[in-house]
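Please keep the sequence and the structure in view while reading.

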Amino acid sequence: MNTYKSDFLNVLATRGFIHQISEPEALDALARSSTISGYIGFDCTAPSLHIGSLLPIMLLYWLQQTGHRPIALMGGGTTRVGDPSGKDESRRLLSDQDINQNLKSIRAIFSRFLRFGDQSAKNLPNDAVMANNADWLNALNYIDFLRDIGRHFSINRMLSFDSVKLRLERQQELSFLEFNYMILQAYDFVELHRRYGCVLQMGGSDQWGNIVSGIDLGRRLHNAQFFALTAPLITTSSGAKMGKTASGAVWLNADQVSPYEYWQYWRNTDDADVVRFLKLFTVLPLDEIERLAALKGSEINDAKKVLATQATTLVHGREAAERAAATARTTFEEGGLGSELPTLPVSNGESVVSAVTRIGFSSSNAQARQFVRDGAVYLGDVKITDISTKIGPQYFGQDGRSALLRVGKKRGIATLKSE
């Protein structure tokens with residue numbers, strides 16, 4: 001039962017964001033009586049964040065919407081080390097140039113969710129801040145850091161945290177470099193407190209140990225009260241990790257996953273996940289979500305379309321979301337070729353198997369051949385049953401140049417264009 005009195009924790013609880021909180025009563029009282037600053041860190045391991053980062057971004061969104069100050073911390077420094085949480089092997093080490101390029105690329109997504117201040121006098125107390133831990137981590141002196149910070153950490157305790165313990169239990173190597181990650185993350189918390197008065201760190205439930213280390217460090221160094229809030233790690237109702245498709249991760253940047261593909265990802269949500277995802281990944285009011293939750297049978301597809309359009313609007317904007325919805329309507333309900341469908345140029349005589357793989361609907365030709373054997377591949381209205389089938393004029397539509405390629409109900413649909 002939700003007993004929180006602050007708007008911040010009440011919203012998070014009713015929408016399903018809370019897994020664990022340190023000292024919940026004290027945090028609730030503080031959030032009710034003052035403007036708090038809270039942060040989440042995002043490492044710069046790729047040019048785009050993926051859908052797994054969307055839940056943390058939504059936490060920052062609701063922090064600001066309920067009157068508090070969100071800090072989006074870019075991991076320009078920690079990316080040089082690599083977070084071992086949930087990983088069975090070390091991350092590939094990136095060059096400083098790669099990290100800086102990735103950081104520049106992923107910054108833009110936050111402006112769609114958060115209101116940032118500028119240098120004017122009109123800034124509000126809860127304007128968002130974007131910080132980069134390279135500003136303080138890259139300048140650390142190793143000996144001074146060991147003496148002043150490292151002495152507060154117990155190896156015994158560090159070995160008990162899941163990010164380390166589970167890796168060792170699976171007999172996977174953990175480098176000394178990665179072992180230091182939680183110390184750097186803890187130091188980030190203290191540094192953000194010094195610079196911005198930050199008292200709250202949020203993250204996924206796998207980050208609990210790292211966050212608690214920061215709370216302990218803050219108490220030892222500054223006798224300050226810090227708080228931790230973690231959200232559940234999101235899986236689908238089938239138990240699968242959220243955000244993966246046959247062609248890889250669902251990225252937030254439009255140049256890596258188009259708005260239509262992003263829209264279609266949400267449209268393909270399992271029935272059992274729709275209401276939960278509406279609460280977590282849209283900003284629809286709860287009474288509207290309750291109305292959608294009451295839909296039964298085939299009507300639940302209407303709720304899925306709302307989820308897809310609302311989620312796509314947050315990341316890509318209303319116009320792109322509506323174009324994606326229109327493309328899906330044209331393609332699936334009206335039998336046409338929507339303008340936003342992924343397009344693949346093909347040569348006359350190219351194998352269907354090759355086209356399925358090149359467009360990204362399979363991870364290999366072997367998998368594409370299995371899709372054909374399973375009866376999951378269609379060119380137009382024709383089911384492809386022979387793995388040696390070649391693309392030819394007989395499959396193209398009235399214009400003689402375009403054909404609709406479909407693989408399964410959810411795996412993908414695209415337009416093939418004859419070269």
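## Aromatic pairs

The count of aromatic pairs comes to 10. One of them joins phenylalanine 42 and phenylalanine 110, whose ring centres are 4.9 Å apart and whose planes stand at 70°, so the pair is edge-to-face. Phenylalanine 42 belongs to strand β2 (residues 37–43) and phenylalanine 110 to helix α4 (residues 96–110), so this pair ties together parts that are 68 residues apart in sequence. Phenylalanine 42 has a relative accessible area of 5% and is therefore buried, the cut-off being under 20%. Phenylalanine 110, at 0% relative accessibility, also counts as buried. The model discussed here and throughout is a predicted one.

Tyrosine 61 and tryptophan 62 form another edge-to-face pair, with 4.9 Å from centre to centre and 80° between the planes. Tyrosine 61 is buried, with a relative accessible area of 14%, and tryptophan 62 counts as buried at 11% relative accessibility.

## A ring cluster and a charge over a ring

Aromatic rings can also be followed from one pair to the next. Ring pairs link Tyr262, Tyr265, Trp266, Phe277 and Phe281 into a cluster.

Which residue lies over the face of tyrosine 378? This place is taken by arginine 406, at 4.3 Å from the ring centre.

## Salt bridges within helices

Side chains of opposite charge can pair when their charged atoms come close. In the whole structure, a search finds 15 salt bridges. One of these features is the salt bridge between glutamate 191 and arginine 195, in which the closest N and O atoms are 2.7 Å apart. Why are the two residues separated by about one helical turn? The reason is that glutamate 191 and arginine 195 are four residues apart in helix α10 (residues 181–196). Glutamate 191 has a relative accessibility of 6% and counts as buried, whereas arginine 195, at 36%, counts as partly exposed.

In helix α14 (residues 286–293), arginine 291 and glutamate 288 are three residues apart, so about one helical turn separates them. Their side chains meet in a salt bridge with an N to O distance of 2.8 Å. Arginine 291 counts as partly exposed at 45% relative accessibility, and glutamate 288 counts as partly exposed at 24%.

## Further salt bridges

Arginine 358 and glutamate 350 also form a salt bridge through their side chains, at 3.0 Å from N to O. Is glutamate 350 buried or exposed? Glutamate 350 is buried, because its relative accessible area of 13% is under 20%. Arginine 358, with 44% relative accessibility, lies between the cut-offs of 20% and 50% and therefore counts as partly exposed.

Salt bridges also connect several residues into a network, made up of Arg157, Asp216, Arg219 and Arg220.

## Helix α11

Helix α11 covers residues 208–222 and contains valine 212. How does the span of α11 compare with what its 15 residues should give? At 1.5 Å a residue, α11 should span 21 Å, and its end C-alpha atoms are 21 Å apart, so the two values agree. Just after α11, asparagine 223 takes a positive phi of about 50°.

The buried residues of α11 are Gly209, Asn210, Ile211, Val212, Ser213, Gly214, Ile215, Asp216, Leu217 and Gly218. For valine 212, the relative accessible area is 16%, so this residue is buried. Valine 212 and arginine 107 are 105 residues apart in sequence, and their C-alpha atoms are 27 Å apart in space. Asp216, one of the buried residues of α11, is also part of the salt-bridge network with Arg157, Arg219 and Arg220.

## A nonpolar patch on the surface

The report now turns to the surface. Tyr142, Ile143, Leu146 and Phe176 form a nonpolar patch there, and together they have about 450 Å² of accessible area. Which helix gives the largest share of the nonpolar patch? Helix α6 (residues 142–148) does, with three residues.

Isoleucine 143 is found in helix α6. With a relative accessible area of 57%, isoleucine 143 is over the 50% cut-off and is therefore exposed.

Methods: Residues are numbered from 1 along each chain as its sequence is written. Side-chain values use heavy atoms; hydrogens and water are left out. Patches are made of residues with over 30% relative accessible area and no salt bridge: like charges are joined within 9 Å, nonpolar side chains (Val, Leu, Ile, Met, Phe, Trp, Tyr) within 5 Å. Accessible areas come from the Shrake-Rupley method with a 1.4 Å probe; for residues, only the protein chains shown count as cover. A salt bridge is a side-chain nitrogen of Lys or Arg within 4 Å of a carboxyl oxygen of Asp or Glu. Buried means under 20% relative accessible area, exposed over 50%, partly exposed in between (1.4 Å probe, protein chains only). Rings of Phe, Tyr and Trp (its six-membered ring) pair if their centres lie within 6.5 Å; planes under 30 degrees apart count as stacked, over 60 as edge-to-face and the rest as tilted. A charge sits over a ring if NZ of Lys or CZ of Arg is within 6 Å of the ring centre and within 35 degrees of the ring normal. The expected span of a helix is 1.5 Å times one less than its number of residues.
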